[in-house]
Amino acid sequence: MIQFLSYLLNGISLGSVYAIIALGYSMVYGIAKMLNFAHGDVIMIGAYMSFCAIQYWSLPPIAAIVLAIVVCTALGILIERMAYKPLRTATSLSVLITAIGVSWLLQNIALLIWGANPKSYQSLVNFGSLTLFDGQLHITSETFITIAANIIIMIALTLFTGKTKMGKAMRAVSEDKGAAELMGINVNATISMTFAIGSGLAAIAGVLLCSSYPVLMPTTGSMPGIKAFTAAVFGGIGSIPGALIGGILLGLIEILGKAYVSTELGDALVFAVLIIVLLVKPTGLLGKKVHEKV
Amino acid sequence: MMKYKKPSRNFVTYAGVILIFLICELALSGMIDGFKMSRSLKGQLVPICVYIVMAVSLNLTVGISGELSLGHAGFMSVGAFTGVLVSQYLLFAFPDVNLETIRLIAALAAGGLFAGIAGVLIGIPVLRLRGDYLAIVTLAFGEIIRNLINCIYFSVEGIALNFGFLDPNLPGKMIINGPMGATGIKKLATFEVGFVLVMITLVVVLNLINSRSGRAIMAIRDNRIAAESVGLNVTKYRMLAFVVSAALAGMAGALYGLNFSQIQAVKFKFDTSILVLVFVVLGGIGNIRGSVIAATVLTVLPEMLRQFGDYRMLIYAIVLILVMLAGNNPFIKNTLDSFKAKVFKKSAKEGDQA
């Protein structure tokens, strides 16, 4: 029972990381209608930046996290300006392939700078752990902080998209670019802003992910990226609560599946559940159903 | 005036592939002076054929049928492991019969068959979805297949074939060993077989495109509702394209598996699907000849870039991004179009005079 509780917490914690990454995917997809495959690699860059800040430049953890966020935000804007903006009118497949190119580029830059050997990441949010039930249940500070960060980010983003001018502009652009432009919204700036927020979140996710699973390689970001993307689709792409639910469910299925079914089949279970959900609800759990017009 | 009949596009494709095959054969036999193939390039010949088949078959799904599939490597892995299993089983179970050709044909056929069956099974749920959702589900299936193969164990004892799921303790000689994959494979793949497979693929795909079914598939791609309203069976035609594509990928996988002494399921992860998709998009979506050229060039390119050492994949990525940007740049596009118009006008006039 206590074992189960511990798996449950681990699942929610991993799911929170997925949810934060999924938010970036979801927002970018909602506004630019593109699958940003480079998102997972932005996570990796964020993790490496914070790693360097601690290991080589011996900055305090807070400064390392801020540095990672700043670098990733700038990187997100740069990628959008250089690679995606010229393709605004191109077919979605061209944009997809460009995103893959950017993903390879980031991975290979990381490979050249930091090498292929995995680095062991020192947790940035380690403040000891809480022991309950006479030492049977350990809850690490990473678990707490990941879940707390997830909740804070979700509330902040919901408020941001609902209340602020920029947030409203984002929703307008994601619904109808042309009409938004006619209303005086700067579409390009809004899209850049979305990429900036998504990439900043990716940096936080990178720090949290590597604090809990301390192996850092140039390909660290790709599998969590794909899974977070799955989570975004799972919950209904374009929806903030959807990303939260999708991410947490995915994390739970993965951890519980690995614990109780089979370690090898954990990932297969995640994807199998995704397929079943999409077959029953083709637009995800909280996705809006779009009626087809003839 | 006699009517000048231009050779059909398909004929040009076939002729080009045969010509390049002959040149490669001559170069391999050393009959052309001063044109020797490097060792690494020789090793790339079978993978080139495999990737051509993969790209052409994926183009059938993505270009002709209009469905973005991100799990093509999944079918390749089904074909690879089935092919290796059949070939190795025949080798161990009937060691006296020494017929490599039969083993190879059996492996390719089994690879194609099982990948085709996987295509049907996956196609039933997948083809109910559309667009990006279809893409993500194919991605999911690709990952599931890879995970399942990691749990499968096969061994041969006498002529008995033992199977274990998550159970590595099997009697006899292991053929497929879970996450360790298949080891000690007797290599059967040759460049000639690869060439034959490429030709088979081209004949199947090009004839399918130019048939009644092919036109139906493209009609469904262009406007599903209109196609449905003139009485086309949408599910049937989408399924046809999907399964043919899967079966061809399976045959390519079988050839790929028999080209190495060992294979693991990791070789067929998401990146491989993406790589093939890159070939298709760079070659031109729906353009079969383009897929052949792109698959060849882009398989050789990393070898050519070997002198750049560690920077080669970096350069590859930058080239990919630049090509995509240039291809969608309005200025470059217009210049290219007007250039093309000029050249083709000229050749059309010459054609009239002939």
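Q: Is A:Asp267 buried or exposed?
A: A:Asp267 counts as buried, because its relative accessibility is 15%. Buried means under 20% relative accessible area, exposed over 50%, and partly exposed in between, with a 1.4 Å probe and protein chains only. The model is predicted, so local features need pLDDT of at least 70 and side-chain atom pairs count only at pLDDT 80 or more, while totals for chains, interfaces and linings use all residues. Residues are numbered from 1 along each chain as its sequence is written, chains are lettered from A and ligands numbered from 1 in the order in which they are written, and side-chain values use heavy atoms, leaving out hydrogens and water.

Q: Which residue forms a salt bridge with A:Asp267 at 3.1 Å?
A: That is A:Lys227, with 3.1 Å between the closest N and O atoms. A salt bridge here is a side-chain nitrogen of Lys or Arg within 4 Å of a carboxyl oxygen of Asp or Glu.

Q: What about A:Lys258?
A: A:Lys258 also has a salt bridge with A:Asp267, with the closest N and O atoms 3.9 Å apart. A:Lys258 is partly exposed because its relative accessible area is 32%. A:Lys227, A:Glu254, A:Lys258 and A:Asp267 are linked in a network of salt bridges.

Q: How many salt bridges over all chains?
A: The search of the whole structure finds 10. Among them is the pair of B:Glu228 and B:Arg224, at 3.4 Å from N to O. Both lie in helix α8 (residues 224-229) of chain B, four residues apart, about one turn of the helix. B:Glu228 counts as partly exposed because it has 41% relative accessibility, whereas B:Arg224 counts as buried at 18%.

Q: Switching to the sheet in chain B: what is the strand order?
A: The order is β2-β1-β3, an open sheet with antiparallel pairing. The edge strands, each pairing on one side only, are β2 (160-165) and β3 (173-177) of chain B. From one strand to the next the twist averages 20 degrees. Two strands pair if DSSP finds at least two bridges between them; β1 (residues 152-157) of chain B and β2(B) have six.

Q: What stands opposite B:Phe154?
A: B:Phe163 in β2(B).

Q: Which helix lies across the strands?
A: Helix α3 (residues 72-93) of chain B lies across β1, β2 and β3 of chain B and runs at about 175 degrees to β3(B). Axes are lines fitted to C-alpha atoms, for helices over the stretch in contact (heavy atoms within 4.5 Å), and angles run from 0 to 180 degrees between N-to-C directions.

Q: Last one: where is B:Tyr311?
A: B:Tyr311 is in the loop between α11 (288-304) and α12 (312-327) of chain B. B:Tyr311 counts as partly exposed because its relative accessibility is 46%.

Definitions and conventions: Helices (H or I, at least four residues) and strands (E, at least two) are DSSP runs, numbered from the N terminus.
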